Amino acid sequence: MRLFRFFHRFASPREFFRISGSMIPWLAATTLLLLLIGLYLGLFVAPPDYQQGESYRIMFIHVPSAWMSLFVYMVMAGAAAIGLIWRIKLAHVIAMSSAPIGASFTFLALVTGSLWGKPMWGAWWVWDARLTSELILLFLYLGVMALYAAFEERRTAQRAAGILAIVGVINVPIIHYSVMWWNTLHQGPTVTKFDAPSIHLSMLAPLLIMAVAFTVFYVVVLLMRARWEVLDQEQRSNWVDDYLEQLSS
Amino acid sequence: MDGVHNSAMTAFTTIFRRDVKLALRHRSELINPLAFFVIVVSLFPLGLSTDSRTLLQVAPAVLWISALLATMLSLESIFRSDYEDGSLEQLVLSDHPLFVIVLGKVAAHWCTTGLLLTLISPALAISLAFPTQNLGILVWTLLLGTPTLSLIGSIGVALTVGLRRGGILLALLILPLYIPILIFGASAVDMSIDDLDVAGQLYLLAALLVLSFTLAPFATAAALRVTLE
Amino acid sequence: MTPLNTHEYTTTEPQQTDTAPPSLQVDSVQGARGDRILFSSLSFNLSRGQLLHITGPNGSGKTTLLRILCGLLTPLDGMVRWHGHDIRSSASTHRRECTYIGHRDGLKSELTALENLQVNAQMSGCHDTKVVSDSIRLLGLWEYQDLLVGHLSAGQRRRLALGRLLVKRAVLWILDEPFTAIDVDGRDIIEAQLISHLQKDGIVVLTSHQALSHPQLRERCVTISLQ
């Protein structure tokens with residue numbers, strides 16, 4: 001019940017702006033701490049891979065980015081659905097603020113995947129199933145962002161792009177499995193090093209810490225983006241005037 | 001209950017017949033996608049080679065991608081002119097469920113583009129040295145795949161219909177969603193040339209058709225309500 | 001932004017509203033285009049047999065208000081009720097009982113006048129060909145019924161668009177500038193239809209830059225002017 005009341009209050013733009021403002025410094029500090037620990041463990045403590053040597057260490061960036069690229073898409077589509085069904089303005093703001101962040105994670109996963117692939121495959125790009133899925137995911141993100149940018153009316157833009165995000169989320173598994181199937185058809189069983197079947201704890205720990213760090217980082221950036229979006233959206237409200245006055249004095 | 005069912009059916013047939021009639025009176029819009037299909041396919045021998053083995057190797061992909069692009073270029077006709085002359089807001093305000101109207105319009109679109117593309121595809125396939133005994137599979141994949149292209153495409157058009165220049169944006173929105181259909185369609189045609197069993201792909205294409213048939217009209221209807229605001 | 005006080009009831013209330021509850025209730029509605037608020041806290045009620053004439057300069061939000069009333073547009077704030085129910089939750093009843101003629105005619109220029117009206121009639125559940133042909137005759141388009149709409153004049157197209165009102169038996173008529181491009185004869189025909197609709201306890205909401213000429217319309221008319 002208290003939780004419900006908290007969310008109810010949180011969903012009002014003004015309260016969101018206030019509460020998120022006080023949360024950001026703490027979350028940002030957490031991100032920094034986790035990133036430092038994760039990177040230290042990953043880059044210095046974890047042993048080199050017996051096959052790939054040191055180059056596998058890019059995994060500690062690549063794998064969490066790839067996870068986040070999917071996770072953010074789910075959040076975006078979920079928030080868009082909440083916004084469309086219950087007409088909650090803040091949910092639309094969360095959805096649309098997530099899109100560029102998710103696209104950045106996807107892009108990061110693609111770049112690190114390509115860097116990782118160079119020593120492994122001897123080429124910057126091969127049509128590996130996972131990389132290809134990730135590329136298509138980037139297209140899906142770009143579609144949502146482009147549609148959002150195309151409308152002049154914010155309300156229409158949010159809802160139209162939200163519908164596209166939901167259509168996309170239904171298609172993500174279909175695209176993923178069709179690409180997997182296509183890949184086995186054309187390349188035969190390629191050795192994919194992206195999913196190590198058994199991973200040593202000394203590698204797993206930094207990986208998980210990095211994943212948590214990326215998630216908290218996402219929340220921080222999301223809140224920062226959403227705050228300015230809310231401020232812009234509510235620019236006619238009195239509390240925004242008060243806030244801006246306070247800021248300038 | 002029967003009455004409701006009946007009136008929805010009437011709405012479907014009314015819209016279907018209206019749109020087919022409009023397409024028939026607008027010959028150029030009917031012929032343009034077909035002409036596009038023919039021209040794009042015939043560019044490949046010109047740009048690649050006239051060697052029949054090379055052509056046969058790329059034929060499944062060429063036929064499928066050209067059909068997909070031809071469909072995509074024709075999608076705007078589903079809603080664009082209705083949007084511009086105000087008919088679309090009348091359809092949205094009609095007392096029939098909007099998804100039924102959407103289905104009628106998509107069905108008419110498929111009959112006047114996808115179906116015709118499928119019918120002329122054997123002639124184009126033969127020009128790419130495609131073996132005649134495998135033409136059946138090509139036609140089947142297109143028959144199962146092109147309605148899905150129209151259904152998914154209708155979501156994209158509904159989302160971009162209010163924008164002045166929606167063309168490129170539409171491609172960006174829907175081409176990623178077309179990828180599974182392309183994969184299954186083209187690979188079925190490709191494998192049939194090697195006399196492999198392609199029943200799996202045909203089932204998958206049929207499954208995608210059923211899925212998009214049940215979901216896409218609702219997404220399109222929701223999109224229309226949003227973009228007409 | 002200044003809040004608008006837009007109720008200016010310029011004429012007397014019609015006679016028969018003493019007991020019947022209002023059919024259309026507009027409750028502190030706010031309308032906007034983009035970031036610009038056009039009107040807010042707009043409230044009024046309409047009962048059967050009443051005509052609402054919305055006036056105001058260009059860009060004052062007349063079309064926005066009409067689109068809110070017919071359910072195409074969701075108001076930023078406030079609610080529109082039809083027979084006591086929010087038109088968003090009981091949308092199908094409201095749509096069945098409402099006809100909206102926007103400033104675009106909603107006609108296909110590749111179809112003939114008759115075909116256009118037939119499609120409209122079938123979509124509103126009217127399958128009686130006599131109703132359609134009677135309507136065409138009434139609108140003064142009998143000789144033109146087999147002409148493609150693309151070949152009709154703007155005034156003829158406007159008449160044909162208004163033919164929607166005759167083939168669909170709706171209670172609530174929402175008309176955006178119905179007299180645009182229409183000649184004196186056409187105006188008389190339409191005003192006569194408005195009068196008979198009001199006499200049959202219908203409701204009309206319209207925008208028009210010209211004042212209503214017919215005394216019978218004026219006595220049932222309520223005016224709201226948007227600033």
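Reader: What is the bridge partner of Ile174(C) in S8(C)?

Author: In S8(C), Ile174(C) has Val205(C) as its bridge partner. The model is predicted, so local features need pLDDT of at least 70 and side-chain atom pairs count only at pLDDT 80 or more, while totals for chains, interfaces and linings use all residues, and side-chain values use heavy atoms, with hydrogens and water left out. Residues are numbered from 1 along each chain as its sequence is written, and chains are lettered from A and ligands numbered from 1 in the order in which they are written.

Reader: What makes strand S7 and S8(C) of chain C a pair?

Author: Five bridges join strand S7 (residues 172–176) of chain C to S8(C), and because a pair needs at least two bridges found by DSSP, these strands qualify. Strand S3 (residues 51–55) of chain C also qualifies, since four bridges join S3 to S8(C); in one of them, Leu51(C) is partnered with Val204(C). Both strands run parallel to S8(C).

Reader: Why is strand S8 of chain C called mostly covered?

Author: Five of the five residues of S8 (residues 203–207) are buried, each therefore having under 20% relative accessible area (1.4 Å probe, protein chains only). Ile203(C), Val205(C) and Thr207(C) point one way from the strand, whereas Val204(C) and Leu206(C) point the other way.

Reader: How do you know that Lys21(B) forms a salt bridge with Glu115(C)?

Author: The closest N and O atoms of Lys21(B) and Glu115(C) are 3.3 Å apart, and because a salt bridge asks for a side-chain nitrogen of Lys or Arg within 4 Å of a carboxyl oxygen of Asp or Glu, the pair passes. Six salt bridges are found across the interface of chain B and chain C. On the side of chain B that touches chain C, two or more residues each come from helix H1 (2–25), helix H4 (80–85) and helix H5 (87–93), and H1(B) gives the most, with eight residues.

Reader: How many salt bridges are counted between chain B and chain A?

Author: There are two salt bridges between these chains; one of them joins Glu229(B) and Arg159(A) at 3.3 Å, N to O, and therefore falls within the limit. H9(B) supplies the largest share, eleven residues.

Definitions and conventions:
Buried < 20%, exposed > 50% of the residue type's maximum accessible area, 1.4 Å probe, protein only.
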